[in-house]
Amino acid sequence: MGDSVTTGRGAYILRRLLLLIPTLLAIYTLTFLLIHATPGGPWSQGEKPVPPIVLKRLNEAYGLDTPLWRQYVDYLWNVSRGDFGPSFTQRSRTVSDIIGDTFPVSLKLGMVAMAIALVVGIGLGTIGALKHNTGIDYLTSFVAILGVSTPSYVIVSLLVLLLASTFHLVPTGGWDGLSSTKILIPAVALALYPAAVLARYTRASMLDVLSADYVRTARSKGLREYSVITRHAIRNALLPVVTVSGIVFADVITGSFFVETVYSVPGLGRYFVKSITERDYPVILGTVLLLGAVISIMNLIVDLLYPLLDPRIER
Amino acid sequence: MASRNAPVITAVAADPRVAVALPSSRIEGFWGGAFRRLRRNRLAFASAIFIVAIALAAILVPMLASTTYADQDYDVVKQGPSRSHIMGTDQLGRDIFIRLIFGARISLTVGIVVQLVITVVGVPIGMLAGYAGGKTDTAIMRLVDVLYALPSLLFVIIIMTFLRGTFDSKPGGIWGVIADLDSKTGGLVGVYVGLGLISWLTVARIVRANTMSLKQKEFVEAARGLGSGHRRIMSRHLLPNTIAAIVVATTLGIPSAILTEAGISFLGLGVIPPMPSWGLMISEAIPNLRAHPYMLIFPAAALSLTVLAFNFLGDGLRDALDPWMKR
């Protein structure tokens, strides 16, 4: 029986991974059509217009003179071999170089922020549920809803004003990897929104669990409240939180560019805004495909984790 | 409206879709009950009043004020709050209070119009998928799944750039009319369409799930037995029973639309200056943050408080419209 379960799960994972292909293809097609339908090209951005002959050469060099369907197929073929093409605006670098430089920065920042968000969010949510309808509950709920209502760029600005400009505790911007104090402000600012979302979900699900029959049974067996909470309640209460954290983590990765822009963090998000205004087609396509894959894989991981945590769900 | 002197009502209100007979032999409908429950939620009711106040200010103040959002006074550049400029002036000598009020117009209309777009697109799609089932449902939900995998903020930006570029290239025909409207409203049409096109997914999912469970119910069966066609069943039986869910979903969608507009304008891709948006005002304040923090504080507070109010109101509406939920 164990065998059939594992092969079942293996086939399921395989099917889900194969589903990635049409999803990414659809994302590619949509993005390709939209950016090519947008008037203006990558070479018309400078102050003075590019001479026609140079324009022609540039288009030839980057394959922009071929028919659109040809460009569509060619780029798709290159991407399937892992080649995302050259950047249009940074002539000496390829998209893979740029993503290789910037994505790890966004990923590190996102993971630190997510770690903060998990600890703070689950902590606040649990406290709120255990002290249901007390001042502490209202306070944590208010903090959570404030976190959902304040954009990250405002938080960064306020933290810079307070911690960097007034008390000179940390620098006012930049990036030096995980071990520098420069990560503090962007990570905290980025963590606030996911922390608030996780706190709200944890509180709601914890309240549900606390009124469940098995918790009453555990209490009436004479278990100490501490064991009831840690051994019975939290484990079950965290189920929906796992689902949400996957989606929230994808949000953190794809939404980091406000924080990156304000705090001058050289991540992928900051680059994306630049590539949009400069019509750097390969960079736009590469970024959207990469982040689309991140979101899909996060969803897949969540779906795979779920039956492991909750044996009632069969695949 | 429910009368104040009927406290017994809490015990009787079991199923508000069935009109409840009050001791005073008054009939309370579903929406009446919901309003009464909403009014008892002080936070949600205060939020509703706050939103109405902001909306009134956004409508009335520009009519009464002598200056407007683009008026510059170079004698008072970057001055803190004073008698003549209660929230101070910005880097171009424009009155921050006036710009804040015009920003409220933008935020509120974005919140509402985007929800209208979402309702018009998402509700029929979700209902069709849920009611038809089978292959239609599978096809629609596949599409929704693919769109869910899109990095939505990036996509809003791509759609907005496309719309902005198309509008700027002076198109003819119907596009020309829309482009004209867009430039007259300071780029708002692009914001509405871009946000609306990307955010109908959640509403479609909610309506689909609701429709799927409702179409099994006896009253739908009865309507079918009486000879109602698909159209009539959908418009007379399924839609009215889904309205509550739609109202809650759209109210909770307003704050996220407001935040997304602010974010896009913050990046300089939303409204076209000199039209103010709270996001744009915040981004203009950041270079002056140290010396002139008030330039940031006012628009940031306005944005947070408005979003906060819509969140409270949405939560309150959910509780009021869903009396079966205990919390």
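pLDDT is the predictor's confidence in each residue, on a scale from 0 to 100. That score matters here since the structure is a predicted model, in which local features need pLDDT of at least 70, side-chain atom pairs count only at pLDDT 80 or more, and totals for chains, interfaces and linings use all residues. Residues are numbered from 1 along each chain as its sequence is written, while chains are lettered from A and ligands numbered from 1 in the order in which they are written.

On that scale, chain A has a mean pLDDT of 84, with 95% of its residues at 70 or more. Within chain A, helix α2 (residues 52-61) has the lowest confidence, a mean of 78, and helix α4 (residues 95-130) the highest, at 91. Helices here are DSSP runs of H or I with at least four residues, strands are runs of E with at least two, and both are numbered from the N terminus. Chain A turns out to hold 12 helices and zero strands. Its C-alpha trace spans about 85 × 65 × 30 Å along the principal axes.

How much of chain A is tucked away? Two residues are in contact if their C-beta atoms, placed from the backbone, lie within 7 Å. Take the contacts in chain A between residues at least 6 apart in sequence: 74% of these join residues at least 24 apart.

Now for a look at one helix. Helix α6 of chain A (residues 152-166) has 15 residues and reaches 20 Å from first C-alpha to last, close to the 21 Å expected at 1.5 Å a residue, where the expected span is 1.5 Å times one less than the number of residues. α6(A) also bends by about 30° at A:Val160; the bend is the angle between axes fitted to the seven residues ending there and the seven starting there. A:Val160 is one of the buried residues of α6(A), which include A:Tyr153 and A:Ala164. Their cover includes α7 (184-210) and α10 (257-262) of chain A, along with α11 (230-266), α12 (278-285) and α13 (294-321) of chain B. Just after α6(A), A:His168 takes a positive phi of about 50°.

Finally, the two chains meet through 36 residues from chain A and 32 residues from chain B. On chain A's side, α1(A) gives the most, with seven residues.

Definitions and conventions:
Buried ≥ 20, exposed ≤ 12 C-beta atoms within 10 Å, placed from the backbone.
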